[in-house]
Amino acid sequence: MSSTQASIDRTSTAGSEHLDAIVIGAGFAGLYQLHSLRDRLGLKVRVLEAGSGVGGTWYWNRYPGARCDSESYYYSFSFSDELQQEWGWSERYPEHGEIRRYLNFVADKFDLRRDIQFDTRVRSASFDEAANLWHVVTEGGTRLSAQFLITAVGCLSSANIPKIAGLESFRGQWYHTGRWPQEDVDFTGKRVGLIGTGSTGIQATPVIAAKAAHLTVFQRTANYSIPARNGPVSPEEQREIKANYAAIREQARNSPNGHPFDISPVSALEAPPDERLARYEAAWERGGLRFRAAFKDLLTNKAANDTASDFIRAKIRGIVKDPAVAEMLTPKDHPFATKRPPIDSEYFETFNRDNVTLVDIKASPIVEITPDGIRTKDAEIPLDIIVFATGFDAMTGPLLAVDIRGRDGIALRDSWSAGPRTYLGLQVAGFPNLFTITGPGSPSVLTNMPVAIEQHVDWISRCIRHMRDQGLTRIEADAAAAEAWVAHVNDAANATLLPLANSSWYLGANVPGKPRVFMPYAGGMANYAMICEKVAAKGYEGFILSDPAVPEARGGRGAMVG
Ligand code: NAP
C-alpha cells in the first residue's frame with residue numbers, strides 16, 4: 001500500500017462514499033480524466049454528470065446547425081492510436097450528433113460508463129482541512145468524499161439567458177441554444193425570432209431560415225464570419241489522415257493554437273497588395289479557422305488586422321444584396337478574430353432570402369417580450385418561437401454554479417469576486433487538491449480544445465502519480481505564484497489585439513455585472529505546455545506539496561516560473 005493510500009484510509013468518510021478522485025463533468029475532459037486516473041493510475045474515481053449521457057457541451061448543444069468549428073480529424077482524442085484508427089469521421093466539421101456518437105464510442109471502448117453517475121448535478125463541494133478531503137453533495141442529496149476534486153465542467157456550458165422583461169408572459173415556445181431539447185424543434189410554418197449573432201446564431205440562422213415561415217434575427221453586434229466549406233471526408237482522405245496521425249498530432253501540440261497547420265511567416269503589411277489579396281481569397285475559398293493563419297500578425301498588429309477585417313467587410317457587402325442590410329451586417333466595432341471567429345454555411349447569403357429580416361437592436365433595442373412576440377423601441381414583431389443564441393457565462397460560470405468552498409470555508413465565488421485568479425489555470429490558492437481542467441488562466445478556448453484538455457489531464461495525472469510516489473497528499477497553488485500568473489495572463493492578452501473586442505465573452509463582457517477580466521491565457525498553447533513542463537520538472541514550482549498527516553512534510557514551496 002502506498003503512503004498516499006494509507007493517508008486516504010486514515011480520513012473520516014462516515015456517512016458518505018469515499019473515492020480517490022471525483023470528476024465533475026463527462027465531456028471530453030471528464031472522460032479522458034477518468035480513463036487516465038482509473039486505468040493508468042489505478043485510482044477509484046467517480047464522474048458526476050448533470051446530463052443523461054456523455055458529451056458535456058455537446059450533450060446540451062443540439063440546436064439546428066450545431067457543429068464544430070475545428071476539423072474533425074483533429075477535434076478528437078490523440079491518446080489512443082487504436083481509437084483514432086478505429087473511428088472514422090464523415091464530415092470535415094462534425095455535426096453535434098456525430099460528436100456525441102464519437103464520445104459514446106470512447107465511453108464504450110474504455111468501459112467508462114460504469115464510473116459515471118448521470119443525471120447528477122453537483123450542488124456543493126467543500127474542502128475538509130482536518131481530514132484532507134473534499135466533501136461533495138449533489139442536488140439529489142448524495143454525499144461523496146474524495147482526496148482530489150477535478151472539475152471538467154467545460155468553458156462554455158453555463159447558458160446566458162438575458163433577463164428581458166415579459167419573457168414569462170410569452171405564449172409561444174422559447175429555447176436557449178445551449179439547453180436545446182432532446183427532441184427536434186419543428187420550425188415549419190413558424191415565425192421565429194433569433195437573438196444573438198455569435199458562432200451559435202450564425203450557425204443556426206441558415207438552418208432555421210430554411211424551415212421557418214419567417215425568421216427575424218435580432219443583432220446587437222455585427223460579426224465577422226468565414227465560410228466553413230463543410231463537406232464529406234472521402235475514404236482517401238480518411239486513409240491519409242490515419243496514416244499521418246502521429247505527425248498531425250505532433251504539429252497540433254506544437255502550434256500556438258492547437259491546430260495542425262502552420263501560421264504564415266509573412267506579415268500582412270509586408271505582402272504586396274495583390275499578393276495579400278490572393279492569399280486572403282485562397283484562405284476564404286479554403287474556409288475555416290485557418291483563415292487566421294493567412295498572415296503571422298493578424299492578432300498582434302492592428303494595421304495588419306485591418307487588411308483582413310476590410311477583406312471580410314468587402315465580402316459581406318458583395319454577398320448581401322440589400323445595401324442597408326449589408327451595412328448592418330458589417331462589423332465595425334472590433335477587429336477580426338478578437339472575438340472567436342464564427343465559421344458558417346451560407347450565413348450572409350441567408351439575408352438575401354425573402355423570409356428573413358435583420359433587426360439592429362443597438363439602434364432599436366428590445367424593450368420587452370410580449371405574449372405574442374418581441375417589442376423593440378420601434379416595432380412589435382409577432383413570433384411563435386424565440387431562440388436565444390445569447391452564449392454563455394463563459395469559463396467562470398460553470399465553476400461558480402457549484403458552491404465550492406476551500407480552506408476555512410472561503411467560497412470560490414468570493415475568492416473570484418474581482419475575476420478569476422488561478423495558477424496556470426490548474427489550481428486556485430486556498431483550494432487544495434482541486435484541479436480545474438481548462439480553467440480560466442489556461443489557453444483552453446483560444447486553442448483546439450481536445451489538445452488543451454489532453455495536456456491538462458496528462459499534467460494532472462502525472463502530478464497525482466508524483467504525489468503518490470512521494471507520499472504527498474496535498475497540493476495547493478502558492479498565492480504569490482498565482483498572483484504572478486494572473487499578471488502574466490494579463491500581459492499575454494495585452495500583447496495581442498484580443499482585448500480590443502469590448503463585447504467579447506473572453507472578457508466576461510457579455511454577462512451584465514461580470515468582472516471584466518481577460519480570462520484565457522493568450523500566450524500560446526505550445527508555450528503554455530512548456531511552462532507547465534518546466535513547473536513539474538522543478539518539483540512543481542509555485543505549488544505547495546505536503547502530507548499534513550506527517551509533521552515534517554516532504555515536498556516544497558516553489559518560486560514562480562514566468
Ligand atoms: P457569443 O459568442 O457570446 O454570442 C452571443 C450573441 O448573443 C452575441 O451576438 C451577443 O451580442 C448576443 N447577446 C448576448 N446577450 C444579449 C442580450 N442581452 N441582448 C441581445 N443580444 C445579446 O455566444 P455563442 O454564439 O453561443 O458562442 C460562444 C462560443 O461558443 C463561441 O465563441 C465558440 O467558442 C463556441 N461555439 C463554437 C461553435 C463551433 O464549434 N462551431 C459553435 C457555437 C459556439 P454582443 O456581441 O453584442 O454581446
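Biologist: Before we look at any helix pair, what do the angles run between?

Modeller: They run from 0 to 180 degrees between N-to-C directions, and the axes are lines fitted to C-alpha atoms. Keep in mind that this is a predicted model.

Biologist: Why are α15 and α17 called roughly parallel?

Modeller: Angles under 35 degrees count as roughly parallel. The angle here is about 0°, so α15 and α17 are roughly parallel to each other.

Biologist: Which residues make that contact?

Modeller: From α15 you get V451, A452, Q455, H456, W459 and R462, and from α17 come M525, Y528, A529, C532, E533, V535 and A536. Sorted by class, the contact of α15 with α17 has nine nonpolar, two polar and two charged residues.

Biologist: How do you know how α2 and α15 are arranged?

Modeller: Helix α2 (residues 28-40) packs on helix α15 (residues 449-470) at an angle of about 30°, and their axes are 10 Å apart. The cut-off for roughly parallel is under 35 degrees, so α2 is roughly parallel to α15. As for handedness, α2 passes α15 in a right-handed crossing. On the α2 side, the contact includes F28, Y32 and L37, while I453, V457 and I464 are among the residues from α15. The class count for α2 with α15 is nine nonpolar, three polar and four charged residues.

Biologist: What meets what between α9 and α10?

Modeller: R276, L277, Y280, E281 and W284 in α9 meet A304, T307, A308, F311, I312, K315 and I319 in α10. By class, that contact has eight nonpolar, one polar and three charged residues.

Biologist: Let's talk about cores. Which residues touch the most other members of the largest nonpolar core?

Modeller: L424, W459 and F543 do, out of 81 residues in that core. Helix α15 gives the most to this core, with 10 residues. Setting aside neighbours within four places in sequence, W459 is in contact with L426, F435, C532, E533, V535, A536, Y540 and F543. Another core lies apart from the largest one and has 49 residues, including L194, F291, I316 and F348.

Biologist: Now some single residues. Why is Y175 called buried?

Modeller: Buried means under 20% relative accessible area. Y175 has 16%, so Y175 counts as buried. You'll find Y175 in strand β7. Leaving out neighbours within four places in sequence, Y175 is in contact with W180, P181, V185, I385, I386, V387 and F388.

Biologist: And S158, buried or exposed?

Modeller: S158 is at 19% relative accessibility, and the cut-off is under 20%, so S158 counts as buried. S158 is found in the loop between β6 (143-151) and β7 (173-176). Beyond neighbours within four places in sequence, S158 is in contact with G391, F392, D393, G397 and P398.

Biologist: What makes L299 partly exposed?

Modeller: L299 has 26% relative accessibility, so L299 counts as partly exposed. The loop between α9 and α10 is where L299 lies. Although L299 and L498 are 199 residues apart along the chain, their C-alpha atoms are separated by 7.1 Å. Apart from neighbours within four places in sequence, the contacts of L299 include A337 and L498.

Biologist: Which value does phi of A337 have?

Modeller: About 70°, a positive phi, although A337 is not a glycine. A337 lies in the loop between α11 (323-329) and β11 (343-344). At 6% relative accessibility, under the 20% cut-off, A337 counts as buried.

Biologist: How do you know that D111 is partly exposed?

Modeller: D111 has a relative accessible area of 40%, which falls between 20% and 50%, so D111 is partly exposed. D111 sits in the loop between α5 (96-109) and β3 (116-117). Phi of D111 is also positive, near 50°, in a residue other than glycine.

Note on methods
Residues numbered from 1 in each chain as written. Predicted model: local features only at pLDDT ≥ 70, side-chain atom pairs only at ≥ 80, totals over all residues. Heavy atoms only, no water. Helix = DSSP H or I, 4+ residues; strand = E, 2+ residues; numbered from the N terminus. Parallel < 35°, antiparallel > 145°, perpendicular 65-115°, else oblique. Left-handed = near helix turned anticlockwise from the far one by under 90°. Contact = heavy atoms within 4.5 Å. Nonpolar A, V, L, I, M, F, W, Y, C, P; charged D, E, K, R; others polar. Core = buried A, V, L, I, M, F, W, Y, C linked by side-chain atoms within 4.5 Å. Buried < 20%, exposed > 50% of the residue type's maximum accessible area, 1.4 Å probe, protein only.
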